[in-house]
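Subject: Handover of a structure for your review

Dear colleague,

Please find below the sequence and the structure that I am passing on to you. A written account of what was found follows directly after them.

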Amino acid sequence: METEGGGKMWKLRSCPKCHGDVFLEKDISGWYQRCLQCGYNRDMIPLVEVKKPVNSRKKEPVLQR
Ligand SMILES: [Zn+2]
């Protein structure tokens, strides 16, 4: 099956328990991740909490062309 709705992302072998494949899914309460292999799941920390003054990935609005 292909991605439906486009709200799912995969993180391969990122389960802290069994190093299985984890998928990220968005709920009404926010993002959470769940492992397919062992059923491990936990809520994701909102991106707002991550503070990085030096960010290589900078998104700037394009105002001029
Ligand atoms: Zn696991």
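How many bridges join strand 1 to strand 2? There are 4 bridges between these strands, and the two run antiparallel. Strands here are DSSP runs of E with at least two residues, helices are runs of H or I with at least four residues, and both are numbered from the N terminus. Two strands are taken to pair if DSSP finds at least two bridges between them.

Please note that this is a predicted model, in which local features need pLDDT of at least 70, side-chain atom pairs count only at pLDDT 80 or more, and totals for chains, interfaces and linings use all residues. Residues are numbered from 1 along each chain as its sequence is written.

Confidence

The pLDDT, which is the predictor's confidence in each residue on a scale from 0 to 100, averages 79 over the protein. A score of at least 70 is reached by 65% of the residues. Confidence is lowest in strand 1, with a mean of 85, and highest in strand 3, with a mean of 90.

Overall arrangement

The protein contains 4 strands and 0 helices, and its pattern along the sequence reads β-β-β-β. The 4 strands form an open sheet in the order 1-2-3-4, with antiparallel pairing. Strand 1 (8-11) and strand 4 are at the edges; each has a single partner strand, so one side of each is left without a neighbour in the sheet. From one strand to the next, the twist averages 25°, where axes are lines fitted to C-alpha atoms (for helices, over the stretch in contact) and angles run from 0 to 180 degrees between N-to-C directions.

Of the 65 residues in the protein, 5% are buried. A residue is called buried if 20 or more other C-beta atoms lie within 10 Å of its own, exposed if 12 or fewer do, and partly exposed in between, with C-beta atoms placed from the backbone. Among contacts with a separation of 6 or more, those between residues 24 or more positions apart account for 2%. Two residues are in contact if their C-beta atoms, placed from the backbone, lie within 7 Å.

From strand 1 to strand 2

Within the pairing of these strands, Trp10 has Phe23 in strand 2 as its bridge partner. Lys11 also belongs to strand 1 and counts as exposed because it has 12 C-beta neighbours inside 10 Å. Apart from neighbours within four places in sequence, Lys11 is in contact with Val22, Leu24 and Gln33. The C-alpha atoms of Lys11 and Gln33 are separated by 9.0 Å, although these residues are 22 apart along the chain.

The loop between strand 1 and strand 2 holds Arg13 and His19. Arg13 is not a glycine, yet it has a positive phi of about 55°. His19, likewise a residue other than glycine, has a positive phi near 60°. Arg13 counts as exposed because it has 11 C-beta neighbours inside 10 Å, whereas His19 is partly exposed, with 13 other C-beta atoms within 10 Å.

The two hairpins

Strand 2 (residues 22-27) and strand 3 (residues 30-35) pair in the antiparallel sense over 6 bridges. These two strands form a hairpin with 2 residues between them. Leu24 has Gln33 in strand 3 as its bridge partner, and Asp27 is bridged to Gly30.

Asp27 lies in strand 2 and counts as exposed because it has 10 C-beta neighbours inside 10 Å.

Arg34 stands opposite Asn41 in strand 4.

Yours sincerely,

A colleague
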